[in-house]
Amino acid sequence: MEPIIHIENVHKWFGTVHALQGVNLDILKGQVVVVIGPSGSGKSTLLRCINRLEEFDEGKIIVDGIPLDSAKNINAVRTEVGMVFQSFNLFPHLSVMDNILLAQKVVRKRGQIESENKARFLLEKVGIPDKAKYYPLQLSGGQQQRVAIARALAMDPKIMLFDEPTSALDPEMIQEVLDVMTDLAHEGMTMVVVSHEMGFARAAADRAILMDAGQIIEEAPPEILFTNPKQERTKSFLSKIL
Amino acid sequence: MSSSSYPAPTPKPLISSGKTEKKSRIDPWWGLVAVVVALILILNFSSPDPYNRILVFLQEGIWVTVKITLISFLLVMVLGLFVGLARLSKNTIVRGIATVYVEVIRGIPMMVQIIFWYFASPAIVQQIGTSLNNPALANFRPDGTTMAIFGLTFGYAAYMSEVYRAGIQSISRGQMEAARSLGMTYFQAMRYVILPQAVRVILPPVGNEFITLLKDTALVSAVAVPDMTRRGREFQASTFIIIETWVMVALVYLVMTLLATRLVSWVEKRSKFER
Ligand SMILES: Nc1ncnc2c1ncn2[C@@H]1O[C@H](COP(=O)(O)OP(=O)(O)OP(=O)(O)O)[C@@H](O)[C@H]1O
Ligand SMILES: [Mg+2]
């Protein structure tokens, strides 16, 4: 089976900082991959290269058969790849409903009724059907993040990227967001998730990856990576966060 | 995430103090407008000669001033946006051209720019026309008002581009990234996500530019455009009535700028409460 995400020897520099140092990774359709690793190890950069929010300097990334080279391809890929950010990045000047409608209309060119139905369905799915008319800043962090997930899902993405989706949340709100993500994983969504939530990784992920210094150090099913890692660097990282 | 400048939606009226605030006290600045207008009227009726004569003579000039201000301002808003976006461009050449334009314009007095557009630029076109044996270009003689609008537009667009640039930069990078990650193009993201938020930030400085532009239109009197200042000078030259003429010109400018100030603050208030 051809991987839906193919990452081959990708390098990325920020000036003199070598943020990605030859990353290779293949992800199959429907797989859920959790990425962990110390701060500055390149987790966000890797994620952002997959939808080209960041340009890489060397190597190759192919998403759903589309190579990330021309500007046209980049936009094509972005409509297939949803992204959820640590800081939610909802559009504060638009209501929750309009946040979910906007890209459906201007990118997917869907009509008002179809878009609204989709939005209501997704708000129901993420558990906040009654907040459509609210503005983002009137919602709790957990609610905002769930709207952000609904907003991304409205584009019918084939892949969802999550960059530390719960690390800006108060502890009591983390679970509600993880629950939505777990449901999504069980529905067969292909997901790449940067997160140190072990419970989520165990419940939802097929693979766990440890990154350090711009490289993938070790990969295993989450249970094994967390309890019985082979590499020294994985052990020392896990001992710090557990 | 702490900003709470966004209003309550219909379901839950969060602003309980709204009622007391809404009892619209008359803005004291309207008082000042009223005083100046009253002053003009009193002068006009108590001593029609010379004040009424002056006003009648200025009338056409007032319209020219208003016209030049409004047209230039509209063009400045558009050109300034493009220059502001160009200054934020990733493309070095585009950014370089925009930066040079802004720096050059800001380094030359507005008066000199207007004179340049009116006298020097047609001369350049004429010389090119002569050397190309093109009679249309050789006899190029543009209308003064048009060239004045050109000069003001190019001059003010440089300042306005900085206003736009600061406004756009004040919106967090995550907003653009979220929009792009949803598949929007750069211009869609600007139009639907960034600019609507930036508007709230740039309205006050845009208002200031508008009022400064209104006052700077007096500079076009240097190039034979019959604006209010020019008319004042013509009236003074033919009647030797000096003090009264300039008192009246000053008062009319004052009314216009005070009204513009009111207009600007009204727009600002509205933009805060709409949606
Ligand atoms: N826009 C940028 N400009 C310059 N350097 C950057 C930029 N973004 C990331 N870096 C650098 O690249 C390296 C990898 O950063 P990245 O954000 O991918 O790490 P991370 O694993 O996501 O860390 P964290 O857990 O703190 O989010 C770091 O050294 C970081 O300082
Ligand atoms: Mg990160």
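Guide: Start at Met83(A), whose bridge partner in S7(A) is Leu161(A). This is a predicted model, in which local features need pLDDT of at least 70 and side-chain atom pairs count only at pLDDT 80 or more, while totals for chains, interfaces and linings use all residues. Residues are numbered from 1 along each chain as its sequence is written, chains are lettered from A and ligands numbered from 1 in the order in which they are written, and side-chain values use heavy atoms, with hydrogens and water left out.

The bridge belongs to a parallel pairing of S6(A) with strand S7 (residues 159–163) of chain A, which has four bridges. Two strands count as paired if DSSP finds at least two bridges between them. Strands (E, at least two residues) and helices (H or I, at least four) are DSSP runs, numbered from the N terminus.

Now step back to the sheet. In chain A, six strands form an open sheet with mixed pairing, in the order S6-S7-S8-S3-S9-S10. Strand S6 (81–84) and strand S10 (215–220) of chain A each have a single partner strand, so they are the edges, and one side of each has no neighbour in the sheet. On average, neighbouring strands of this sheet are turned by 20° against each other, direction ignored.

Helices come next. Helix H2 (residues 71–80) of chain A lies across S6 and S7 of chain A, at about 65° to S6(A). Helix H9 (residues 232–241) of chain A also packs on the sheet, where it touches strand S3 (32–36), strand S9 (207–212) and S10 of chain A, and its direction makes about 95° with that of S9(A). Such angles run from 0 to 180 degrees between N-to-C directions, with axes fitted to C-alpha atoms, for helices over the stretch in contact. Contact means heavy atoms within 4.5 Å.

The contact takes 32 residues from chain A and 30 residues from chain B. Across the interface, the rule finds one salt bridge, a side-chain nitrogen of Lys or Arg within 4 Å of a carboxyl oxygen of Asp or Glu. Arg48(A) forms a salt bridge with Glu177(B), with the closest N and O atoms 2.7 Å apart. H2, S6, helix H3 (96–106) and helix H5 (141–153) of chain A each supply at least two residues of the side of chain A that touches chain B.
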